[in-house]
Amino acid sequence: MPAPSRASHGSTISGTYHGVDATRAVAAATFGAVVQVESFEILGITAEGDRVAVEVESRFHTVNGALYNNRYHFLFVIRDGKIVRFNEYLDTALLLEHFG
């Protein structure tokens with residue numbers, strides 16, 4: 001997995017990643033422990049200018065049988081029809097409990 005470009009703040013995946021390959025690698029390393037996605041529900045979308053905010057709730061089952069249920073805020077910045085920035089906010093204590 002590529003190293004984040006800033007301090008990890010206690011999570012093995014927290015940080016800033018640049019490019020599609022780095023983003024895919026961290027997602028694969030984290031969610032490789034997910035065996036079944038029960039739901040990934042969009043709760044709301046707000047768009048203003050080049051920014052799109054998305055609220056999401058997930059329910060996953062992990063390889064050890066635990067239910068991982070978290071809420072997220074995704075912020076996308078779009079220019080010329082492409083995502084140029086993506087920020088994800090979530091309950092990091094819950095993330096650490098399930099994925100380290």
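Student: Is Phe86 buried, partly exposed or exposed?

Tutor: In this predicted model, Phe86 counts as partly exposed because its relative accessibility is 37%; buried means under 20% relative accessible area, exposed over 50%, and partly exposed in between, with a 1.4 Å probe and protein chains only.

Student: What are the ground rules for numbering and confidence?

Tutor: Residues are numbered from 1 along each chain as its sequence is written, and side-chain values use heavy atoms, without hydrogens and water. Local features need pLDDT of at least 70, side-chain atom pairs count only at pLDDT 80 or more, and totals for chains, interfaces and linings use all residues.

Student: Where is Phe86 found?

Tutor: Phe86 lies in strand E4; strands (E, at least two residues) and helices (H or I, at least four) are DSSP runs numbered from the N terminus.

Student: What is the order of strands in the sheet?

Tutor: The open sheet of four strands runs E1-E2-E3-E4 with antiparallel pairing, where two strands pair if DSSP finds at least two bridges between them.

Student: Which strands stand at the edges?

Tutor: E1 (34-48) and E4 (82-90) do; each has a single partner strand, so one side of each is left without a neighbour in the sheet.

Student: How many bridges join E1 and E2?

Tutor: Twelve, in the antiparallel sense, and Thr46 stands opposite Ala53 in E2. Their hairpin has two residues between the strands, and Gly49 in the turn has a positive phi of about 60°.
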